[in-house]
Amino acid sequence: MSSEIRLENLSIKTRDGTVLVRDVSFAFGSGNPICLIGETGSGKSLVMHAVMGSLPDELICEGAILLDGENLLALSAAARRALWGRKFSLLPQEPSRSLDPTMTIRSQVAEIYPALHRASWNDAKTRAMKDLQSVGLDHAARSFPFELSGGMAQRASIAMAHAAGSMVLLADEPTKGLDRALCDVVAGMINHEVSLGRAVMVITHDLELAMQTTGMIGVMRNGVLVELGKADSVLHAPVDAYTKSLVAALPSQWEASSQNTHEPGKPVIAARSLGKSFGERALFKELDLTLRSGEITVALGPSGCGKSTLGNILLGLIKADFGTVERPGNLPAFKYQKIYQDPPAAFIPHQTLGDAFGDLRKRHGIDGASINRIFDDLGLEPGLLARRPDAISGGELQRFAIARALLLKPAMLFADEATSRLDPVSQKRVIDLLVAQVRERNLALMLVTHDHVLANKIADHVIDLSSLSSNGEQRTAA
Amino acid sequence: MKQLIATRLFQLVAVVLIVGSISFALMYFLPGDPALRIAAGRYGPDMMDNAISDMVRAELGLDQPVLFRFLAWMGDLIRFDLGHSLVSGAPVLHEIALQLGYTLWLAALAFVLALVIGPLVGAIAGLFPGSIFDRVSLLVAVALRAVPPFVLAIVFMMVFGVTLRWFPTAGFGGWSNMVLPSLTLALGLAAMSSRVMRDAMSEVAASPYFAHGRYKGLSDRTVVMRHGIRNASLPVVTYLGLQMVYLVEGVVVVESIFAFPGIGHALVHAIIARDVPMVQGTALAMGGLFVLLNIIVDLMCLRLDPRLGRRAA
Amino acid sequence: MTQSVLRNLCASAGILALTMTTGFSAPVMAAADDEVLDIASPLEISGLDPAKSGYVFSRMQAAETLFTVNRQGQLVPMLASDTHVSDDGLIWHIELRDGVEFHDGSAMTAEVVASDLKRAFDRPGVLGRAPITGISAEGNEVVITLSEPFSMLSAFLAHYSTIILAPKSFDEVGDVTAIIGTGAYRVDEVIPPLRVGMSAFENWWNGKAEIEKVSYLAVSRGETRAMMAQSGDADLVLSLLPVAVNQLNNDPSVNVEIATIPRTRLLKFDVSKPFFDDVIERQALSLAIDRKAIAAVVMRNVDLAATQMFPPSIVGWNNQQIPAFEFDPQKARDLLAEAGWVEGSDGILEKDGKRFSITLRTYASWPDLPLIATALQNQLKAVGINLEISVGSYTEIPSGHADGTLEIALITRSFSMVPDPLATVMADYGPGGADWGAMNWNNDEAADLLAALGRTTDSAVRADMQNQLTSILQYELPTIPVVWSELAVATTDKLENLFVDPFEQNYYLSDLRWVK
Amino acid sequence: MNTASLTHLPVELRDGAKPAFWQPVRIVGAVILLALLAFAFVGPLVIGADPLFQDYLAVLVAPGDPAHWLGTDHFGRSMAARLVHGAQLSFVMAFVTALSAAVPGIALGILAASRGGWVERGLVALSDIVLALPGLLLVLLLMAFAPGKFGPLYLGLALYLWVEFFRVARIETARVLALPCCEATRLLGFGPFYVFGRIVLPALAGPMMTLFAFAMGSAIIAVSTLSAIHVGLRPPTPELGAMIVELMPYYSEAPLQVLMPAGVIFLLVLSLQLLAGRKS
């Protein structure tokens, strides 16, 4: 059987009438998947939850969502609920967090059969094993979610979709927090599902993933579907301005940053024969590197290979097992700053940015002018200062983090996967800013990423730690 | 696992030593001459006089220097010789062995009741945070904690014993006698654990895996049963471990009100008669009981949370 | 390590298993409608030794003494049948009742009785206070020889610490392992400290008890006892709280019987302390106490206000001639002023720089004592005396008496421990006083009277001496009586023929009957 | 049971400013608490009656009587007067107890979490031991030194109430210190005091408030429980816990009087509980 979902002028409002999504129309179905792209808050996940029927009660849908001609919006909440699993399955984002931590994945798959297909438990167990085989997880049937890598967890949730036997598959940012290698794996799995004849809808800000999924691409911005078309046409001949900027934001599209030609700057950090291992697994050994002012060093490698650890050792946050770290001209500690992977986590949750910067000024006697200057440089509007971190989009917050660091006139910046959680546009913006600041203020930047393309575009030096890292797909370091 | 039990045992040993020292200190510092207290305890206030107490002093060697007596005291303790009750003159160990039985039954029943009531109420409240049920359960929980256990006990006696005549008001020996005392204890426990469960449950209910369970197509009931209760009960079980204190001490009052011959009852009377060896013995029994119950709780946690299990393994 | 761990675990598991089983060895507490007579009483069984809880077994008619007190309060033989005292009063021949059988079927012989009494004499207890030089058996007579005439011997032999037990009751070292008496009821089980189960003894020398089975439960809290009476969980409830009496009187299914008992709540104080060294100070103290109010509020019965030391129920000691205690705060103030106490700035009396502020010790074993203390505190404040109340263990009274730290204490004293009040009075008001009597009070006249009373057996002569003694106590006030006591007993209406023994010697269970 | 959270709303729509501290629940709590404090501290001035004055002609008067609007106790003492004075004493004592339990408890908890290592292990072991000791024993020991005084009684309670503060404080502190924002803050050159002041303490505030509420409650309850077994009884001083015990025997004649002190304790715990916020 095949199924088709058609959205007609779908609008989503809050009870007080604010429009979050306006007049979105598109269709997807068996053999022709769709991939909705857009930054956080563009409304793409609202659309997905509208299709799923899992929007919070505070939100109202207008228009129509037709499943094989039947308008789902006309159905009662209970009736929508009845479709979950049977017709719709949802691949959660960060699946390792979406699986019950205290239950083996096998029984988490198995439990679906009695619930949906009135199967006996023994029957369920055997069928669950088959599902796990189909995604190549039979060896891990008895393991718990915390023992799985992101990719394995994602496959487990696909196995659950299989178990449910639903024809419609909604994937919610399936590559969030995964490194490139895993992203490709996930993309492969999704295509496989498509080939199995499922109607697949993927929402993501990961253009790479979008490219790998054949079918339609919809680009959303501020709740409007700005562009809709075949994947390759959208990605190679974008019409809408925003789509253009999106495509342009792809690292592959960047023009290589002006390699610094002038003579090497003075060393800021010098590490000799560093060695570090977790348990019996050696991350790296006999590693020498020197960070020089005005230079960009990129540490490359899949998750868990120890590139973040390396940075933390240089910052003095972790002790190395072997080797030494020298800081010429012994500057105060705060001259070595760090930009975090997950911006909100780097800010004090209940403190407004205004207070945060206020305290920073007091602590280091910074004059207001320089703050405003940096805000201008980074294109940050002071209006946001009244907000708390969780109320600011990742891109902006990351730029505040950079501003915060730069205010201390650092000698060295360590950017730990600083852009992996941002949509392409924000990512490009942040990277551009960093590069600009490095050149301008002549500071040393160490950037950790798993994106080769990005690395090659901006790096003066590249350290590839994957060579030292052991197995490629083990637990993703959050 | 090993390490876990080792810690608990260390706890037990420390408890024994400290209880021993405190008890000795009590014996020494309590107002009045210990020999007199012993005599009074043995022969009743009307009978007792200083003549008898002199005899007792000689008999128990209470005229030796303090340090000597302390060492002797601890020595006996380590050989697990708890001495004789000042009141009945029977060996403390023997008396406790008898009383512990009753208390264990009471404690066990109360524990089970609390495990049924508290988490159940808490789970419902947690699934509907802010609902009427949630608010009412909060009020009741606070009320139960604001009323001394013995008041609760009296109320139960009046309602279930005198008015309804469902259960015997006091006494011991049969299941029916256990109901009111254990209920009195259980409600106090349940009051708190229900709140813990409530918070745990509302957290779990907001967790992505709970949502995913529903997206998988499981009914609310199934999700709550398979993914809700189990995860939410983790903090509750740990918490109950702490609350054993409440249970063990609740026993004290409840038993003496319901004329139930457990260690709690014994402790009360030991205290009133300043029967220090019994105080020490019962205190040790309670300490031991607490540690034991906590070992059980630890094991339950291991069972409930595979993460702990794998780490311990 | 693990080895020991495992061993420890097994051990604790073992103890668990063992103790768990004890939980339900006892029979289910009988409900009201069955044939078992359920008794609830505050008295706990602290041990089997007669000196400790003999009174439980004697009152429950499990074990009996040679003599006892009849319903009129006269001392009469029980296991004894007849007594001959030599003319010099130094040799007592006590003839035993024939055909008395212990619960284990063995016969009560003079040898058995003699050894029981020897044991009671050697161990702490009243008998030790008697001037006994020898106890022996002759035929079916027990012969007791004295160093000096002792009128109270038969009374002492009615004390619960002298109950007669079969030889099988004792182990080799002479400790009591079971109560095998001669009484109307055989002890089936004892679960210290709370329960005794008994059944009627067919071959009781005085016939057979009406009610087949008796179950005794010690319930320390008065509230609980009252509820057990109401709920019918207990057929016979002893010593109800005064409050409970009113409450139960309104309950048709419960009958309440009350008897005044020879027990007095009194103030004991150190007469050598400057607060009490002058007799008019003690009289002032007595005048400041509103006994009627206390009796009404705490005891719930105005008639319990003490007019003198001994309640009317104690024949021969309650003295009609002497004037009753009065309540007159003004007069109290005048007397205190006369004694040199002047009101200080804070309204508390002072005398050469010393405040009349004293600590009153009392204990809660009798629930009304702290209440009375509270009332006294309030009443004495009115005449400028400040009381600090410290509720502790009763043991702090004798110890305070011994080490002289005791200033004033509120205690309760029974005069029927030994059926002849003289036994108690002699100890308490002899030279220097005693733990539960006067403190540092010396009165030669009283001392002589007591000594004489001890020797005299002629009741007429005694009565006269007793009157002199009581009037001395009334005027001298070595201790200040506050209120008398009564014993309130509740029974279901299904029970008849109850007699409440004012001397607390016997519950007369053997006479109780179910209403047909 | 709505599990879908609003996280997929555009951030612009989320309430950026701090959520108001004065939510209705808190206001209710504050109002009750203020009322109680007024009752306990202003009451004595308003109600002239002497809590110790006994009127044997008006014993156990039912509430609502013109002369005694809250009735009288078994000595004819004005319940109103005794309640206000009792509340005052109990509140102060309970507060002192809870405080003397909370301060060391929290301090040690933070110390253990931030130091770690043997310091932490030692403190944890200590707390485990104290937990396993029947609190009664500690109280008794202190009572032995000063029989019939409230001070040592409450101190004895504090001796084992601190443990719960310690445990929660330790776990919570450890959790917070592990957050990246602490690392970030330190990197930005802020000292440990700033980290504690701005990150740890705010995070601790909520749970600690709740513990405090219950600690105060348990302190009063413990006192009454102890007086029920004649420990620390000290007539005629009015103290809520002891009052319950004193009035207990009269439950059938004056049930309301028995419930009054309990009611005051209930309101106290409830108000603090509401004030503390959701977690319990």
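Predicted model: local features only at pLDDT ≥ 70, side-chain atom pairs only at ≥ 80, totals over all residues.
Colleague: At what angle do the axes of α1 and α12 of chain B cross?
Modeller: Roughly 165 degrees, and the axes of α1(B) (residues 2-29) and α12(B) (residues 276-304) come within 9 Å. Axes are lines fitted to C-alpha atoms, for helices over the stretch in contact, with angles from 0 to 180 degrees between N-to-C directions. So α1(B) is roughly antiparallel to α12(B), a term for angles over 145 degrees.
Colleague: Which residues of α1(B) make the contact?
Modeller: Among them are Leu4(B), Arg8(B), Val15(B) and Gly20(B), while α12(B) contributes residues including Ala283(B), Gly287(B), Gly288(B) and Asp298(B). Contact means C-beta atoms, placed from the backbone, within 7 Å.
Colleague: How do those residues divide?
Modeller: Into 14 nonpolar, seven polar and two charged. Nonpolar covers Ala, Val, Leu, Ile, Met, Phe, Trp, Tyr, Cys and Pro; charged is Asp, Glu, Lys and Arg; the others, Gly among them, are polar.
Colleague: How many helices and strands in chain B?
Modeller: 13 helices and zero strands, taken as DSSP runs numbered from the N terminus (helices H or I, at least four residues; strands E, at least two).
Colleague: Other chains: which pair shares the most contacts?
Modeller: Chains B and C, of the five pairs in contact. Chains A and C do not touch, with their nearest C-alpha atoms 26 Å apart.

Notes:
Residues numbered from 1 in each chain as written. Chains lettered and ligands numbered in written order. Parallel < 35°, antiparallel > 145°, perpendicular 65-115°, else oblique. Contact = placed C-beta atoms within 7 Å.
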